[in-house]
Amino acid sequence: MNTTLEQTTSVWMQTGEIPVQAALTADVSADVCVIGAGIAGMTTAYLLLQEGRSVVVLDDGPIGGGQTERTTAHLSNAIDDRYVAIEGWHGQEGARLAAESHTAAIDRIEVIVARENIECDFERLDGYLFTPLGESSDLLQQELHAARRAGLSEVELVDRSPLASFDTGPCLRFPRQAQFHPRKYLAGLTTAILRKGGRIFNQTRAEHVESGPPARVRTSQGRTVTAASVVVATNTPFNDFVTIHTKQAAYTSYVVGFVVPRGSVPRSLYWDTLNPYHYVRLQALPSDGSAGERLGDPLTEELLIVGGEDHKTGQADDAEERCRRLEEWTRGRFPVTGSIRCRWSGQILETIDGLAFIGRNPLDGPNIFIATGDSGQGMTHGTIAGILLTDLIVGRHNPWTALYEPSRKTLRAAERFLQENLNVALQYSSWLTGGDVASTNDIAPGTGAVVRRGLTKVAACRDEHGQLHECSAVCPHLGCLVDWNPLEHTWDCPCHGSRFDQQGHVLCGPANSDLARIREV
Ligand SMILES: Cc1cc2nc3c(=O)[nH]c(=O)nc-3n(C[C@H](O)[C@H](O)[C@H](O)COP(=O)(O)OP(=O)(O)OC[C@H]3O[C@@H](n4cnc5c(N)ncnc54)[C@H](O)[C@@H]3O)c2cc1C
Ligand code: FES
């Protein structure tokens with residue numbers, strides 16, 4: 001599971017190093033085994049160590065090699081799905097707890113950064129939410145009232161954002177938001193975890209989790225971790241086959257980075273209310289001689305990061321067009337100089353009711369926990385996971401438990417549940433169609449296509465050297481057919497977002513095994 005193997009690289013991957021740890025080569029035991037070294041797993045490990053628990057962290061790839069290195073790292077309590085919707089799904093008290101928990105997550109990151117002396121460009125700033133040009137601001141009025149009912153009394157409606165380059169019109173100002181460099185933050189957490197006696201193993205895939213007690217985690221190399229509790233923080237849980245995946249859907253989002261003259265764009269977070277919406281922030285360029293300096297001149301320029309153009313994973317193959325639209329949107333509004341300096345894509349898990357699933361894994365032993373369903377706010381949801389799961393494991397009351405309970409049934413989100421599951425059911429109809437191309441001879445170097453072969457379908461791609469790689473197109477999770485992703489050169493499953501590299505190795509769950517290999521020609 002290693003998005004580092006995809007074609008694009010984020011600015012964080014180019015400018016932040018995290019020390020790689022050795023693989024697990026012996027059986028070990030600990031109070032808690034955390035699977036997944038993204039922001040959710042690493043925060044949980046850090047906070048459990050602070051409580052005196054012994055912790056082992058396993059990751060199939062490097063630390064931060066999942067979606068955490070593909071984020072834009074807006075740290076915000078301005079919930080992406082909007083407070084109006086959160087209140088509708090979870091009630092006024094639920095919206096209040098959502099606001100409280102996201103605010104607490106930003107505060108907790110700030111405390112950890114200070115306590116551990118982590119140089120990760122953490123910065124407090126305001127966030128501005130605006131409607132598209134020409135649209136009424138009624139939606140903002142409603143959101144203002146809902147945010148205030150949720151306890152965010154300082155949110156205010158202002159005439160326009162501080163941007164001079166374009167008039168956003170009226171917008172909501174959310175004070176005390178933040179941003180940071182996610183890989184530098186994880187590098188700091190790594191140092192702190194190791195110093196506190198935590199053990200982290202890379203290149204170690206957890207294959208099977210048994211609740212016991214004690215719980216046992218079996219790795220693909222045949223090693224066992226024995227623990228009182230297990231936290232599965234793998235972005236999407238591989239140990240939950242169906243339940244959670246009917247309540248969340250995988251979306252692909254795109255990000256482009258441009259240089260702008262330093263100081264020309266006021267330092268804030270920006271979002272519009274389109275669906276899918278645009279999200280914007282700035283990032284200073286490194287001046288330490290690292291590779292990132294090539295992105296621009298750190299003395300006179302900084303990076304403007306703009307994301308959006310989301311679609312359901314595996315259900316669109318027009319990435320170039322989406323990046324072009326992002327570019328056009330940005331050039332029309334910001335003082336961009338030159339061409340795109342970096343671009344990347346990543347995956348977001350949208351739950352049917354706008355909030356993450358954090359807590360005991362449904363239908364499993366009481367000592368197996370999950371953190372998933374980032375809803376585009378995985379930096380704060382991942383930190384909430386660290387706080388909440390630590391409380392659950394040490395047996396401390398936490399007021400957010402019911403709100404994030406993974407087995408919750410949000411009746412008021414039934415319509416979204418039906419829509420997403422109908423969409424999944426429709427994906428199985430691709431079993432009945434022909435292939436994308438008639439023969440593998442039609443596949444050019446650097447591209448891939450699904451080819452029908454008798455009753456089954458084959459995922460075939462030709463690498464840059466002309467070599468053909470063939471795997472089964474059948475996703476090992478629940479049997480949907482994968483689709484070629486022309487930007488990342490991956491095979492993406494349109495049902496629940498499992499992704500595989502060109503040779504069929506699994507990159508993202510819920511699948512936890514590779515596409516069946518056919519041959520190399
Ligand atoms: C383009 C984009 C923009 C975003 N913007 C924002 C934003 O502005 N603000 C925000 O809050 N959130 C944002 N997000 C969401 C956020 O980045 C993610 O939700 C978050 O990084 C997920 O962290 P995680 O720890 O849950 O998962 P990950 O970072 O994916 O970590 C999971 C880890 O588990 C490992 N793993 C998986 N399976 C196994 C296994 N079987 N055995 C061992 N290890 C395994 C993987 O290798 C990986 O390292 C964005 C996401 C994207 C893609
Ligand atoms: S991810 Fe569920 S079938 Fe592929």
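Glu309, Asp318, Glu321, Arg322, Arg324, Arg325 and Glu328 are linked in a network of salt bridges. A salt bridge here is a side-chain nitrogen of Lys or Arg within 4 Å of a carboxyl oxygen of Asp or Glu. The whole structure holds 33 of them.

This is a predicted model: local features need pLDDT of at least 70, side-chain atom pairs count only at pLDDT 80 or more, and totals for chains, interfaces and linings use all residues. Side-chain values use heavy atoms, with hydrogens and water left out, and residues are numbered from 1 along each chain as its sequence is written.

Start with Arg176 and Glu110, whose side chains meet in a salt bridge (3.8 Å, N to O). Arg176 sits in strand E6 (residues 171-179) and Glu110 in helix H3, so this pair ties together parts that are 66 residues apart in sequence. Helices (H or I, at least four residues) and strands (E, at least two) are DSSP runs, numbered from the N terminus. Arg176 is partly exposed at 46% relative accessibility. Glu110 is partly exposed too, with a relative accessible area of 28%. Buried means under 20% relative accessible area, exposed over 50%, and partly exposed in between (1.4 Å probe, protein chains only).

Next come Asp121 and Lys184. Their side chains form a salt bridge (3.7 Å, N to O). Asp121 lies in the loop between H3 and strand E4 (123-130), Lys184 in helix H5 (residues 182-195); the pair links distant parts of the chain, 63 residues apart. Asp121 is partly exposed at 33% relative accessibility, and Lys184 is partly exposed at 24%.

Glu156 counts as partly exposed, at 30% relative accessibility. Arg173 is buried, with a relative accessible area of 18%.

Now turn to the nonpolar interior. A nonpolar core is a set of buried Ala, Val, Leu, Ile, Met, Phe, Trp, Tyr and Cys residues joined through side-chain atoms within 4.5 Å. The largest one has 88 residues, and Met42, Tyr83, Phe180, Tyr185 and Tyr404 touch the most other members. Helix H3 (residues 83-115) gives this core its largest share, 12 residues.

Leaving out residues up to four places away in sequence, Tyr83 touches Asn77, Ala78, Ala95, Ala99, Glu143, Ala146, Ala147, Ala150 and Leu152. Contact means heavy atoms within 4.5 Å.

Technical notes. Chains lettered and ligands numbered in written order.
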